[in-house]
2 protein chains.
Amino acid sequence: MLQTLPHALRVPDTLQILHECETPEVLLLHDVLAANIQAMQQRAVGQGLELWPHVKTHKCLEIARMQLHAGAAGLTASKPDEALIFLKAGLGPLLLAYPVLDPRKLDRVLKAAGPTRVLCILDSPEGAASLAAAAERHDRELEVCIKIDVGLGRCGLRPTDPALPHLARTVAELAPDNSSRHGLRLVGLLSHAGQAYGAADYQGVALVAEEERRLMLQARETVCQATQRPLPSLRLSVGSTPTVLAAPSYEGIDDIRPGNYVFLDRGALRLGLASSAEVALWVLARVVSGNKAHLIIDAGAKTLALDLGAQGSGDNDFGFGLAWQLSPNAGLEPLQVVRLSEEHGFVARPAHMDVPLGALLAVLPNHACPVANLAERFLVFGAPDGTTFWSVDARAKVR
Amino acid sequence: MLQTLPHALRVPDTLQILHECETPEVLLLHDVLAANIQAMQQRAVGQGLELWPHVKTHKCLEIARMQLHAGAAGLTASKPDEALIFLKAGLGPLLLAYPVLDPRKLDRVLKAAGPTRVLCILDSPEGAASLAAAAERHDRELEVCIKIDVGLGRCGLRPTDPALPHLARTVAELAPDNSSRHGLRLVGLLSHAGQAYGAADYQGVALVAEEERRLMLQARETVCQATQRPLPSLRLSVGSTPTVLAAPSYEGIDDIRPGNYVFLDRGALRLGLASSAEVALWVLARVVSGNKAHLIIDAGAKTLALDLGAQGSGDNDFGFGLAWQLSPNAGLEPLQVVRLSEEHGFVARPAHMDVPLGALLAVLPNHACPVANLAERFLVFGAPDGTTFWSVDARAKVR
């Protein structure tokens, strides 16, 4: 699919403002961001799903507030210290979608949560014991989900793993009893079909999504049987922007946890999930040097990240982004960011186009999530209170 | 070369302290760091060179102070806002080794510098004009170096480029004259043979270093002739840790600007430039999940970075780091970090070794510089005032 610079970045008034910016800068198009948030919320409502957007993409309180205001049921976070930023700002409910074993981290999260609802995940007896001990220390009930591996081969148990019914019974035995109010309450099963990022095309992603649904239904049958519960009494939560956008059916699914959909990126475009007009995050960079082969821009790996998509294992020829000169008379064909060093990007010099030193480019990155994590702030164009900066509040919160 | 876990990370007392850490954490071995700083300083002194260490590797005031205290002539920074962190702390002299065109950035740097000596680089008439205008605004003389491209194909002019003598004359004409005290003073030529990171081995790096030296001597002749100066009146400054460590000769060179040598990493080991005992930066991570193929650790691309070395274009089979279990009875053979998602690392599960959930690993990253830039702090083991944290003061300063 030929990608072109969206109209929003070709409006003369916009260009004038952007030409004032220092570079590199991570630009958010507020209208596109707001539309992406609305579209996903409508998709969820239309399918009778709860939306629990993953904040690891944006790590930004302002955006989390937009998502909750639009109707999200709660937020999903990865690491405990990432969750903490949102809990301390009073945002929630929050699903901590990482298998946490360290009691100090759980204590921080539960302390910061106060009365806010927090859900945790586990995929091992050690994880269950750690969460049960935290529930006991805080004298509370803790809602938990068991992580199911639907093919990524990362965390979670396979639906056919004999350890799954065993773990389900272990968790059931850690429920509060008549003598105590603390314990674990098993509320659902959770999956992330991250292998979808490695699919060849839209149809490939749809197949991954449908297989995820099938495996999750199977896992629920196993867990309900093992714990002698009625069948639909466990929620099924699935994640990833590609699978959510391409899923042919959500039958039996309760919750979705996409993250990247707020920004989208070249990865989503490659899979045919979106067009460049739906991309909210762009990197502004300037040409600072050049030679016969390359224009050298001031955005390198410390701004654009070295992500080739597909869980970091891509084709080197794919490059590190597409770039357009922000100029009324610039071409619509993208330039290729072919290489990055830490503070420099190498853009293949176009044959029939003169790009002068100082020229401003908009770069469509391969993967928006690491770009946000590297930035101190977003330049938000067209926010309700005018063009402004938002902090990337939870960047670098990896513990 | 077989790499083993250094002795420093096998001492029982050390292990006990490290086992208390939350993970992921970027660990610095203070003794190794101090020894690396001393060794490079001695190399410089022994060869009659000035050492201008590049701070983009560590972005840390404490480490810059160690370097200056050991005898460094000045610091090298990449982006202006990175330089600002060190200038505001009163550290310098400072070489701003990036072609800066934006007057706002130059104004910030010159204002923060006050009486501290600042040197800038340029590789175009536009760059010269921008620096001359800044010198005029601040009514000062500004020392500048012309950037020479010695084969990386990034910034700078090739020694044989007809634009080089032309640019040299342009700079000479911007010198202060009798009527004004502001202007540019051409003090040297500067190169970075970053292509050395892509060499096959030590001998390959040595060839790159020798070619860099030859090209720099040639460039100096051209520039001196064009500007009618006596021959050795321009300093020659070369950079990169690999070339500095492998150079067979420094004859005619005045200054070196290595950065990575303070930490070293798997990239340096691959080139035969160092052993693992000389690596000061390690990433501590724990096993949080697992399956038949992989141990899953809590350090992903947001901690270890996706750098494959060699300017980001490596062999995918190289993986993303080597890992050792920190346990008295663990094996000496490293485990392979084969894949990263944002917050998870995939370590190939060893065939004949049981690594339990919660096990602590030390990961040797491919490239230390982006790891430091992703971290909020270093855990410094064995610092003079005990084990402590240092801030990564200039992380994310990309403008």
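1. In this predicted model, H2(A) and H3(A) cross in a right-handed sense. The two elements are helix H2 (residues 30-46) of chain A and helix H3 (residues 61-70) of chain A, whose axes come within 9 Å and cross at roughly 40°.

2. In chain B, helix H2 (residues 30-46) packs with helix H3 (residues 61-69) at an angle of about 40°, and their axes are 9 Å apart. H2(B) is therefore oblique to H3(B). The crossing of H2(B) and H3(B) is right-handed. H2(B) contributes His30(B), Leu33(B), Ala34(B), Ile37(B) and Gln41(B) to the contact, and H3(B) contributes Ile63(B), Met66(B) and Gln67(B). Five of these residues are nonpolar, three are polar and none is charged.

3. A further helix pair in chain B is formed by helix H5 (residues 103-113) and helix H6 (residues 125-137), which pack at about 45° with axes 10 Å apart. H5(B) and H6(B) are thus oblique to each other, and H5(B) passes H6(B) in a right-handed crossing. Pro103(B), Leu106(B), Asp107(B) and Leu110(B) of H5(B) make the contact with Ser130(B), Leu131(B), Ala134(B) and Arg137(B) of H6(B). By class, the contact of H5(B) with H6(B) has five nonpolar, one polar and two charged residues.

4. Turning to the interface, 63 residues of chain A are in contact with 64 residues of chain B. About 5400 Å² is buried between chain A and chain B, and carbon and sulfur atoms give 45% of that area. Within chain A, the residues that lose the most area to chain B are Glu22(A), Arg154(A) and Arg399(A), together 13% of what that side buries.

5. How many salt bridges are there between chain A and chain B? The count is ten. A salt bridge joins Glu342(A) to Lys56(B), where the closest N and O atoms are 2.7 Å apart.

Methods: Residues are numbered from 1 along each chain as its sequence is written. Chains are lettered from A and ligands numbered from 1 in the order in which they are written. This is a predicted model: local features need pLDDT of at least 70, side-chain atom pairs count only at pLDDT 80 or more; totals for chains, interfaces and linings use all residues. Side-chain values use heavy atoms; hydrogens and water are left out. Axes are lines fitted to C-alpha atoms, for helices over the stretch in contact, and angles run from 0 to 180 degrees between N-to-C directions. Helices (H or I, at least four residues) and strands (E, at least two) are DSSP runs, numbered from the N terminus. Angles under 35 degrees count as roughly parallel, over 145 as roughly antiparallel, 65 to 115 as roughly perpendicular and the rest as oblique. A crossing is left-handed if the near helix is turned anticlockwise from the far one by less than a right angle, and right-handed if clockwise. Contact means heavy atoms within 4.5 Å. Ala, Val, Leu, Ile, Met, Phe, Trp, Tyr, Cys and Pro count as nonpolar, Asp, Glu, Lys and Arg as charged, and the others, Gly among them, as polar. Buried area is the accessible area (1.4 Å probe) that two parts lose on being put together, summed over both. A salt bridge is a side-chain nitrogen of Lys or Arg within 4 Å of a carboxyl oxygen of Asp or Glu.
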